[in-house]
Each structure stands twice: as structure tokens, then as C-alpha cells.
Amino acid sequence: MAFYDGLFETLGLSEWCEGEGSSAPMSMADLLAQNSGDEVAGEAFPFPSLDNLSEACPAIIQSRDVTKGIEDGFLAAKPALKSFLDPITQPLSWLLDGALWTFAAIPWFVMVPLLVFIAYWASRSIGVTIFVAFSIMLLGFVDHYDVAMQTLSIIFVCTGISVALGVPIGIAMSKSDRLQKSLVPVLDLLQTLPTFVYLIPLIFLFSVTESKLYGIAIILYAIVPVIRLTDLGIRLVDQDVIEAANAFGMTSRQKLTGVELPLALPNIMAGINQTIMMSLAMVVIASLVSAPGLGVNVLRGIRNLELGVGIVAGIGIVLLAVILDRVSKAALTRVDNTRMKH
Amino acid sequence: MTQEPKVSLRGLYKIFGARDREVLTHVKEGMSKDDLLAEHGHVLGLQDINVDMQAGEITVVMGLSGSGKSTLIRHLNRLIEPTAGEIIIDGEDVMQLSETGLRGIRQGKMSMVFQKFALLPHRTVVQNTAMPLAVRGVPEAEQDTEARKWLDRVGLSGFENHFPAQLSGGMQQRVGIARALTANTDIMLMDEAFSALDPLIRTDMQNLLLELQDELHKTIVFITHDLDEALKLADHLVILKDGAVVQQGEPQGILMNPCDPYIEDFVSDINRARVLRVKSVMEPLKGTKFAGDVDIGDNLESLIARSGGDTTLDYRVMDGDTPVGELHMRELVKALVPRLSSTQDAEGA
């Protein structure tokens with residue numbers, strides 16, 4: 001019989017073990033062995049895992065009960081979670097749908113100059129502006145204008161919300177060591193959790209037809225750098241300057257808006273740049289859960305083995321990434337230069 | 001010296017550490033700084049500081065690094081909280097103030113100049129200078145005129161729209177001083193304000209400060225580790241060592257009568273002829289024949305130059321138009337030799 005039988009006998013737990021539990025086969029191998037009547041030739045000294053222990057003592061749960069438990073627990077909590085999360089995340093759906101609609105509704109001959117102008121306004125660099133114009137034209141030229149605009153609109157909305165939430169959280173973190181200690185593991189988790197894993201609980205919570213599903217996934221993933229760098233930026237503000245602000249009797253609010261935020265701005269901008277890049281990375285993966293845009297074409301390339309479609313969409317994503325990165329970096333250096341003049 | 005002091009510190013103690021109030025009793029019983037650190041892991045910052053600062057005077061607090069002088073000045077506006085003691089400004093105990101009251105004092109009564117300038121790098125020179133007024137919510141036009149006025153006064157007109165990083169260290173500190181002056185407070189705290197500047201600029205800045213002081217008569221608390229600077233600026237000199245006041249008083253008096261070997265060491269290195277003034281070595285008026293008149297405020301160096309090194313001469317000392325004493329060149333030369341501490345033997349130090 002099972003390897004650990006002896007253990008439970010010496011512990012005097014045999015009776016408790018026999019009490020309940022299923023004798024259902026645990027794996028296909030078990031099932032085959034049961035049917036053919038042969039014992040499975042087990043390892044000489046198996047690891048005391050749940051499955052192996054359960055074989056000797058049916059009262060112990062099996063590993064599949066753990067995953068099942070998590071699933072059941074999640075499903076049990078779902079109605080409560082949903083009734084709470086649904087209303088507060090609904091505006092996200094509206095924003096995303098609205099942005100997608102707006103970007104689609106504005107004709108290209110208005111949209112392209114507008115984007116080029118925004119690029120110039122943010123970067124104040126002729127080179128970057130020309131590059132942006134060229135890239136958008138190129139995307140349009142191979143008929144990827146619509147999908148690129150969908151991707152862009154999702155990024156705009158998600159980055160905007162990430163910044164609107166992330167900067168205040170970062171400020172709060174920089175003011176309270178306790179909050180920082182408790183939030184850092186959460187941020188680490190959000191950043192290291194494989195991107196696909198975000199999608200699993202979200203699919204259970206929301207319907208795949210709702211835009212907020214991918215919106216939440218993108219924001220959760222992309223909000224981390226802006227929080228981290230806002231916190232870091234404020235903590236790195238020269239203590240001598242803070243002391244001067246205190247010595248002249250500034251209130252906390254005056255200190256925050258007049259000293260800390262302006263001096264932390266380069267770091268915050270670097271965080272926003274990272275946030276934009278990460279939302280772009282996630283918007284591609286989110287095409288798995290019905291996020292429109294270039295990611296859908298990449299997905300099509302993988303699913304249908306349409307090499308060309310996948311590669312053109314991939315290059316489109318690279319172009320968007322370079323545009324967004326260059327424009328936000330140029331804005332960052334501009335802020336650095338004009339305000340600090342080092 | 002009969003008037004009420006503008007600022008007075010009474011029995012001020014500062015101990016750095018988590019259980020500062022508990023270990024305070026040990027310090028009061030006479031435990032030394034080293035023992036406190038070894039036995040309790042607490043650092044003694046200041047012990048039993050009693051200093052009166054008169055209105056309109058420059059009080060210089062001098063000491064080497066780690067003597068607690070920067071800690072001391074930060075107690076005046078409570079950037080550092082004392083462990084025990086009273087800080088009385090204009091008869092009001094700063095320790096009793098609420099957060100709002102404290103902010104009021106910082107805005108309206110005290111301004112501060114920092115060793116590392118501590119200007120806001122993202123604001124222009126004029127915005128930096130106007131900062132104390134902006135904090136108080138003064139209308140912008142008024143902020144601007146005031147700031148420009150003081151920038152002009154410290155010799156920085158034309159640089160209003162530059163950023164601090166575009167200016168040299170000396171100019172940045174002028175902005176720092178202009179900022180403190182714009183605040184228009186009675187008390188100015190200067191924390192090693194000139195220590196980061198090179199010697200020539202430092203002399204310039206000292207002269208600027210004295211010139212401004214002649215005109216404005218502020219109560220200035222000046223921190224320095226440089227004895228020459230201290231003697232040049234001080235009306236009242238406080239010498240700190242290991243967080244305690246070793247000697248305080250009129251600078252010439254300290255120079256002529258150092259009460260402690262520590263101060264003798266300090267004093268022995270300076271150019272006494274330049275620092276000592278006629279007032280400190282003159283004697284009561286007795287004679288009638290003099291080689292000439294000298295002013296009571298002249299330094300000895302100028303007298304040596306005037307006498308051409310002749311030690312037999314006597315001079316009459318004048319305070320304005322009244323003769324107040326006489327000066328023998330022989331006594332003057334003796335005064336140039338550093339004196340041993342008068343109390344050294346008595347205290348067995």
C-alpha cells in the first residue's frame with residue numbers, strides 16, 4: 001500500500017484517517033492502474049505531498065482540493081465583490097468606450113495634425129515631431145491607422161487614470177513610512193505577477209464584453225512605476241530645502257505644491273514615461289480579453305499562423321512605443337532643463 | 001545691556017535618542033557625553049545652555065564641528081525640539097506655542113540663512129527672494145517690489161530672473177540673505193552662512209552683513225566655526241564645546257581673559273593685533289604728554305603702523321571728542337602675546 005501508511009499508524013491516527021475521504025483515483029495513471037488491477041510502481045521515498053499523504057490517509061485533502069477551494073472561495077465572494085466593484089469601475093468602461101468612439105469618429109485629416117501638434121507641444125522638438133508625423137503616416141499607409149488609434153486611445157485613458165490615482169498614492173506613501181512599508185509588497189506583487197494572471201480573476205468578475213475588464217488589467221499593471229517614482233521623488237527632495245521651507249513657516253500644503261512636487265517632477269515624469277510603456281505592453285496582452293487594437297492583429301498572427309499580419313502589427317506596436325517614449329522623454333528633459341538650468 | 005533680552009535660552013538640553021527624557025536625569029547628575037553614548041546609546045547634543053541675546057546685537061555662537069552650534073540655532077525656531085528647557089522670544093515661551101503659533105513666529109519673527117543656501121532650484125532669484133512673503137500670502141505686486149528692493153541692496157540687481165544654479169556660491173548666499181531680509185523679521189538666524197564661501201568672498205559678505213546691520217539693527221544669531229569671523233562680527237560671543245557653553249561675553253574680553261585651555265588654543269592662532277582694539281588695552285587717563293590721539297575703536301595693528309614700531313610712545317585715547325584713556329605702546333606689545341587662562345590653576349583644568 002501507500003508509503004506513508006506506517007506514519008499514520010505510529011501516530012495512532014488510523015482511525016481518524018478512515019473516517020472520511022474519497023478513494024477516487026487521483027490521476028490518469030491511478031485510474032489505469034485501478035482498471036488493469038496493477039499497483040502503480042511508486043517512488044521508493046515519495047515527497048510527503050498532499051496527494052501522497054492522502055493516499056495513506058484519505059482524511060487528508062488532495063492538492064486538487066486546494067485549487068478547487070480557491071476557485072470556490074472566489075466564486076463565493078464574487079457576488080459581493082461584483083456588487084461593490086461594478087459600480088465604481090463603470091466609469092472606466094464609459095471612458096474607454098468614449099475614447100475609442102472619439103478617436104474613431106474624428107477623421108484622420110484632423111486627428112493626425114492634432115497628434116503631431118500634441119507631440120510638438122509636449123516635446124518642443126522638431127526632430128521628434130517629424131518622427132511622430134512620419135510614423136503615423138506609415139501606419140496609415142499600410143491600413144493600420146484605425147487599430148493604432150484604438151490602441152492609442154486605450155493607452156491615453158489608462159495612463160491618465162494611472163497618473164490621477166498613482167501620484168496621490170505616491171504622495172501619501174512618501175509622507176507615511178508605515179503606508180510605504182505596507183504598499184511596497186503590493187506594488188512588488190503587481191509588478192512581478194505574470195501579466196496573464198491578472199486576467200484570470202478579472203474574467204470571472206466582469207464579462208468579457210465590458211471594456212473595463214482590460215482597462216483594470218492595464219491600470220493595475222501600469223500604475224506601479226508612477227506610484228514608486230512619485231514616492232521616491234518626494235523622498236529625494238533636498239532636506240536642506242525642506243528645512244528652509246519649514247524655517248520660513250510654510251504649511252504642509254505650501255510645502256507640497258511649492259517645493260516637493262516641483263522638485264520631484266523629473267522623477268514623476270520618469271514614472272509617467274514608464275507607465276505609458278507598461279500600458280502599451282499590457283494593451284497587447286489584453287487583446288486576449290477583447291481589447292481592440294494592434295494586439296488583436298498580433299493575436300491573429302499567432303492563432304492563424306498569419307506571419308505577415310503578426311509582424312506588421314508588431315512593427316506598428318514598436319512604432320507607437322517609440323513615439324510615446326520619445327515624446328514623453330523629450331517632455332521630461334525639457335522640464336529638467338527649463339526649470340533647473342543645471 | 002539693561003533692557004530685556006530679545007531672545008533668551010534657559011536651561012536648554014538636547015539629547016538625541018528615543019529615551020531622551022529618561023537619560024536626561026543622568027546628564028543632569030553630571031554624566032559626560034562619552035559615557036552617555038557608551039552606556040545608553042544616546043548622543044548629548046546640548047547641555048544646560050543659558051544665553052541671552054540682546055535686541056539689535058549680533059550674537060555669534062562659535063564652536064568646532066560637533067559642538068552643537070547648528071543644533072542650538074535650530075532650537076530657536078524649533079526645527080529641532082529640545083529635551084528640556086525654555087526658549088523665550090520677546091517674553092513669550094516658544095515651547096508653549098501650538099503648531100499654528102509656531103508657524104506664525106517662523107513667518108513673522110525669524111528668518112534664516114543656511115550654510116548650503118537652500119534656495120528653491122526651480123524658482124528664479126526674485127521668486128526665491130519673495131518666498132517668505134508668498135508664504136504669508138502678501139499680494140504679488142508687493143512681493144515683487146520688496147524682493148527687488150532687497151536684491152538691489154545686496155548687490156544682485158540684474159540677476160532677478162536667473163535661476164540659483166546659474167549663480168556662483170557667493171551670489172547664491174546673497175540671495176539667501178536677501179530672502180531673509182525680505183521676510184523683514186526682527187531676528188535673523190544665520191547658520192554658518194559664510195562657511196561654504198571662499199575667503200575673499202567671505203570677507204565681502206561679512207562686510208555686507210556689518211553694513212546692513214549698521215542700518216537695520218536686527219537681532220542676529222550667527223553660527224560659525226571660524227574665530228576670525230566670530231571676532232569680526234560679534235557683539236556677544238558664545239563659545240560652545242561638546243554641547244556646553246565654555247565662555248560667553250564680549251569678544252575682546254574673551255580674547256584678553258580666556259577662562260579655559262580650550263579657548264586659549266582657539267585664541268592662540270589668531271592675529272591679535274588685528275582683532276584687539278584700543279579699548280581692550282587702554283589705561284585710565286593720567287598723563288598729559290601724548291604723541292597723538294587714537295580712536296577707541298582702532299585695532300592695534302593700525303597703531304603699530306602709526307608708531308612705526310616705536311614702543312616708547314604713549315597715545316591719548318578718544319571716544320568721539322572726549323578723551324577716555326591713555327595707551328602705552330609697551331602695554332600694547334605685551335597684549336599681543338597670548339595670555340594663559342587666568343583661572344587655569346584655580347580650576348585645575
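Trainee: In what order do the 3 strands of the open sheet in chain B stand?

Mentor: First, a word on the model: it is predicted, so local features need pLDDT of at least 70 and side-chain atom pairs pLDDT 80 or more, while totals for chains, interfaces and linings use all residues. Residues are numbered from 1 along each chain as its sequence is written, with chains lettered from A and ligands numbered from 1 in written order. In general, strands of a sheet pair through backbone hydrogen bonds, either parallel or antiparallel. Here the order is 11-12-13, with mixed pairing. Strands are DSSP runs of E, at least two residues, and helices runs of H or I, at least four, numbered from the N terminus; two strands pair if DSSP finds at least two bridges between them.

Trainee: Which strands stand at the edges?

Mentor: Strand 11 (293-295) and strand 13 (322-328) of chain B; each has a single partner strand, so one side of each lacks a neighbour in the sheet.

Trainee: How do strand 12 and strand 13 of chain B pair?

Mentor: Strand 12 (residues 314-319) runs antiparallel to strand 13, over 6 bridges. One bridge joins B:Arg316 to B:Glu326 in strand 13.

Trainee: Which residues are buried in helix 14 of chain A?

Mentor: Buried means 20 or more other C-beta atoms within 10 Å of a residue's own, with C-beta atoms placed from the backbone. In helix 14 (residues 294-303) of chain A, A:Leu294, A:Gly295, A:Asn297 and A:Val298 are buried. Their arc, taken from the directions from the helix axis to the C-beta atoms, is within 160°, so they line one face of the helix. After helix 14 of chain A comes A:Leu305, with a positive phi near 55°.

Key. A residue is buried if 20 or more other C-beta atoms lie within 10 Å of its own, exposed if 12 or fewer, and partly exposed in between; C-beta atoms are placed from the backbone.
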